[in-house]
Amino acid sequence: MRPSFKHPRPGGVLDNAEARGAHCPMAIEIETESGGDPAPPSTPSPLTLPSRMRSLRVLAETRRLALAVLPLGASIGLVAALALTGIERFEALLQGQGVRTWAMVATPLLALLLTGLWLRFSGLGEVSLTKDLAQARHHPLATFRLLPSLGKAVACTLTIGLGGSAGVEGPARWLGAAVGAQFHQLFRRLARRFPWARRLLAQPGVIVMAGSAAALAAVFRAPISGALLATEYEGDLSADRLAPSLAASASGFLAFIALRGTTPLLGAQHSYHLMAREIFWALPLGLGCAVAASFYRRLLRFGRHHLGRLPLPVRGGLAGLGLLLLALPGAWLWPGLPVTQGGGIELVEHLLRGGTPSSQALAFLALKLAATSLTFAGGGVGGTWLPSVTMGAALGAAFEAWAGLGQPGLFVLVGTSAFTGAVHRSLLTPVVFLAETTGQAALVVPALVATVAAYQATGSE
């Protein structure tokens with residue numbers, strides 16, 4: 001008998017034995033020379049790559065991680081650190097001039113009006129970062145073309161920089177993916193001229209997700225959460241995409257903390273202890289978050305349905321006027337506290353100090369919920385994760401003041417996980433996000449209970 005070797009055609013732009021080792025396991029068939037009966041089949045065994053092919057595959061993946069994915073993540077982390085430092089210095093300058101309080105009231109109107117005008121006259125039309133990221137899973141390079149990407153980045157800057165109720169994690173995730181797409185284009189051009197560069201190419205979707213994960217890891221100061229949020233799609237986590245996302249997320253996080261330090265995003269004021277009553281009370285909090293999240297999602301759809309019929313500048317002007325009116329109570333009752341502007345991390349820090357009456361916490365929730373709905377119904381461009389965290393914190397603070405369990409801030413943080421899980425239809429990522437951004441292991445169990453309850457009680461879109 002004579003063995004014959006058949007290899008499937010390798011895909012991508014890889015070559016020689018490395019391409020076969022990375023993508024195509026070797027198939028071996030046994031045929032007879034004289035046309036007699038074939039040899040009896042042997043007992044099937046698990047398919048394993050020959051040691052040389054396995055070594056080549058490991059070498060190829062290591063080379064891509066070291067020379068492509070890790071530098072991409074580190075560069076995005078550095079850019080995120082520099083951008084955040086610049087924003088904070090600008091805000092400090094405004095505060096030093098004594099204009100910050102009045103700007104907090106007036107600029108949201110400009111935010112949506114200018115965003116609408118920019119989207120209308122630039123030809124971009126209505127922008128949805130969520131739809132872009134979903135489309136990028138199938139057509140990453142077509143989604144993140146250079147000039148439209150720059151135009152959408154301007155829209156994000158106008159919405160968030162001038163006081164719209166949206167989070168910086170949305171544009172950070174989107175811009176990280178766009179940088180990843182351009183990074184892949186650069187290596188593809190190099191591969192046409194230099195054969196060695198072909199060995200650094202990966203699937204464009206993998207690089208796009210890696211860039212997105214690095215940006216989220218820097219913004220959240222949470223490498224695992226960044227990778228999970230970038231990779232998870234409708235409850236599915238793909239291992240071949242999660243691995244490079246984790247690598248890029250880690251390098252982005254390290255580059256970020258090299259400039260910004262290791263201060264957690266949600267710095268808890270107390271150390272919490274896990275007790276049975278906290279787990280018991282987490283269940284009704286999760287159900288309350290489910291009700292509030294369902295109302296928030298319906299309000300979003302209602303606003304988009306009715307304001308969506310108007311031209312973008314008109315829509316932005318009307319929604320911006322609503323934001324201005326919503327900002328007035330906050331500026332009058334809680335001066336210096338951005339209740340309706342931005343992602344809301346400063347409001348979460350305020351709630352974590354404890355002592356917030358339930359009526360005040362519910363007022364925070366209502367104002368933030370209405371402002372976020374108006375921002376996106378009016379054509380604003382930004383993220384919804386951090387506003388969801390803020391709304392969950394407000395609801396948790398109200399529940400905590402009512403229950404009086406003696407651990408200030410615990411249910412504020414548990415509420416962030418439950419509300420975010422209900423809004424974004426995610427179970428694992430909000431809990432990991434909470435554990436990483438607080439460094440409090442005792443929060444994991446009550447957060448799991450509350451998040452599962454909120455997820456199960458909230459219907460899908």
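The protein exposes about 21,900 Å², of which carbon and sulfur atoms supply 64%; accessible areas were computed by the Shrake-Rupley method with a 1.4 Å probe, and for residues only the protein chains shown count as cover. The structure is a predicted model, in which local features need a pLDDT of at least 70 and side-chain atom pairs count only at pLDDT 80 or more, while totals for chains, interfaces and linings use all residues. Residues are numbered from 1 along each chain as its sequence is written, and side-chain values use heavy atoms, with hydrogens and water left out.

The average pLDDT (the predictor's confidence in each residue, from 0 to 100) is 82, and 83% of the residues score at least 70. Confidence is highest in helix 14 (residues 358–377), at a mean of 95, and lowest in strand 2 (residues 27–31), at 36. Over residues 1–39 the pLDDT is below 50, and this stretch has 54 contacts in the model beyond near neighbours in sequence; a contact means heavy atoms within 4.5 Å. Where pLDDT is low, the predicted coordinates should not be read in detail.

The protein has 18 helices and 2 strands, defined as DSSP runs numbered from the N terminus (helices H or I, at least four residues; strands E, at least two). Of the 461 residues, 49% are buried; buried denotes under 20% relative accessible area, exposed over 50%, and partly exposed the range in between (1.4 Å probe, protein chains only). Among contacts with a separation of 6 or more, 79% join residues 24 or more positions apart.

Beyond residues up to four places away in sequence, Phe-419 touches Cys-289, Ala-292, Ala-293, Tyr-296, Ser-388, Met-391 and Gly-392.

Leu-352, in helix 13 (residues 345–352), is buried, with a relative accessible area of 1%. With residues up to four places away in sequence set aside, Leu-352 touches Gly-267, Gln-269, Gly-409, Val-412 and Leu-413.

The structure holds 12 aromatic pairs. Rings of Phe, Tyr and Trp (its six-membered ring) pair if their centres lie within 6.5 Å; planes under 30 degrees apart count as stacked, over 60 as edge-to-face and the rest as tilted. Phe-220 and Phe-433 form an edge-to-face pair, 4.9 Å centre to centre with 75° between the planes. Phe-220 lies in helix 8 and Phe-433 in helix 17, so this pair ties together parts 213 residues apart in sequence. Both Phe-220 and Phe-433 are buried. Trp-281 and Trp-402 have ring centres 5.8 Å apart and planes at 85°, and the pair is therefore edge-to-face. Trp-281 is partly exposed, at 24% relative accessible area, whereas Trp-402 is exposed, at 61%. One aromatic cluster is formed by Phe-280, Trp-281, Phe-399, Trp-402 and Phe-411.

Arg-425 has a positive phi of about 55° although it is not a glycine. Arg-425 occupies the loop between helix 16 (410–424) and helix 17 (428–438) and is partly exposed, with a relative accessible area of 23%.
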